[in-house]
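Hello,

Please find the structure below, followed by notes on what was found in it.

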Amino acid sequence: MEASEILYGIIAIILTFYYYLTSTFDFWKLRNIRGPQPIAFFGNVKDVMFARKAMCDYLMVAYNMYKDEPLIGIFVRRTPVLIVKDPGLIKDILIKNFSIFAERGFTTHEKADPLSQHLVALEQKRWRPLRSKLRPVFTSGKLKEMFPQILECSEHLERYMEKLVSRKEPIECYELMAKYTTDVIASCAFGIDTNSLSDIECEFLKMGREAFHPKWYNLIRLRIKQSAPWFFDILGRILPQTKVTKFFTRILMDNIDYREKNNVVRHDFVDALRELKKYPDKIDIELTDSIIVSQAFIFFLAGFETSSSTMTNTLYELAQNHMIQNTLRVEINHVYAKHGGALTYDSIKEMEYLDKVVKETLRKYPPATFLMRQSTSNYTFEGTKINIPKKQPILIPVYAIQRDPNIYPNPDVFDPERFERKLVQSRDAMFYLPFGDGPRNCIGFRFADYQIKVGLVKILQNYNIEICEKTQIPYINDPKAFLLTPKGALLVEKTTPRNVPMRLNCFE
């Protein structure tokens, strides 16, 4: 074979590969949907793939670039992805035509990633019956039963903070909040006293960090899972299970076995899973141990990370807004006095300004910065001629919507009064989606709300929050994080036990 023939063969292979990478790039043009010009291999997300830009920041750029468009077409590598901005279309997807968009488009892998079979990722067939069986654990009545456990963990937080104050050393705010939420979740969901606030070797906390900040080798697994799920399944027969998988499987199964042998009943999340395991015929799906463990895994992760980051972001904003902080403290002290110096389930409900503060934090810093959906059939958007095929990935850019100045004037300003009742009623409900909406919203949002508020009350009762010269302003999103996280640590400096400034330091 001559050298020229080899050269032509190589060129033919390169051209064929290039055609494969770009063959979908006319997808949105054919549907008259505008969007940025993609490039081969990367599509429109090169900076996201190289962790130079957070996905929420990229979506915000696209959102503002096509601000008059209800729909935007982008490409993730070669896959067409639809960004939906219009509130009416969002409502169709999340609520009105939910059955057509009931899936999120995640892949599950029973062998390669056993803990991927949770409520967030499961397809509609398995998600619906599981959600129905687990919903009773998250009712208001059940939350009221759990409140004493949340309160006990907050009292541990209060005592631990006094010890930290006495050392007069900087304290990492996110780390402190993560320890608190770890204790709450472990106690309320698993019936386990982790004591992570004083135990630096707490396994629950280690596994939470490992799941959200994985080592390089687990990041490689994740990239393979995202880009080549078929190959990931093959590797699953070769690669050992991760530490996180082994830990949660052992913890939950040992817990269930102990309760069965000792006739322990707590009516909590573990007991709900225990009932599913004991009576699998009551649910119309194949119920494996890995599916059961997956539900406990996602409940821990969701409550651990989203709540701790929300508490941290609230303190960050209060440190910069003393009038808001003081107004909130006045309300807390007033409600405390009204209830005889005790914090109760009902007293938290009475703190209306606290509710506004937390909602404003979730507006500005939604932990899940976008919602994912996937069509289960061909679909034509109501009132348009735009048709999408089955399995079309869809993104709803929550972060960008909640920072749109046409919806929330001066969106970078932290203003709890945005959630005054009349203002809320004047806005479309689809403009505030930190917990999603519709049948597939966050199942544990009430639980998260209470653990956040109780923890914040305990802190603000005792300390003023302040910034210092090292505070990172403006807030920079970490492009490597799964959920919205600041790029850099949030450190709190305290000098004396009570009613003194907590200086909040944030730096890379």
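Notes on the model

The protein chain has 20 helices and 10 strands (DSSP runs numbered from the N terminus: H or I of at least four residues for helices, E of at least two for strands). This is a predicted model, in which local features need pLDDT of at least 70 and side-chain atom pairs count only at pLDDT 80 or more, while totals for chains, interfaces and linings use all residues. Residues are numbered from 1 along each chain as its sequence is written, and side-chain values use heavy atoms, without hydrogens and water.

Along the principal axes, the C-alpha atoms fill a box of roughly 85 × 55 × 50 Å.

Of the 508 residues, 53% count as buried, meaning under 20% relative accessible area with a 1.4 Å probe, protein chains only.

There are 22 aromatic pairs (Phe, Tyr and Trp rings, the six-membered one for Trp, with centres within 6.5 Å; planes under 30 degrees apart are stacked, over 60 edge-to-face, the rest tilted). One of them, Phe-247 with Phe-248, is edge-to-face at 5.1 Å centre to centre and 85° between the planes. Both Phe-247 and Phe-248 are buried. Tyr-379 and Phe-381 also pair edge-to-face, at 5.2 Å and 85°. Tyr-379 counts as buried because its relative accessibility is 8%; Phe-381, at 1%, is buried too. Phe-247 and Phe-248 belong to one aromatic cluster with Phe-297, Phe-300 and Phe-304.

Regards

Terms used
Buried < 20%, exposed > 50% of the residue type's maximum accessible area, 1.4 Å probe, protein only.
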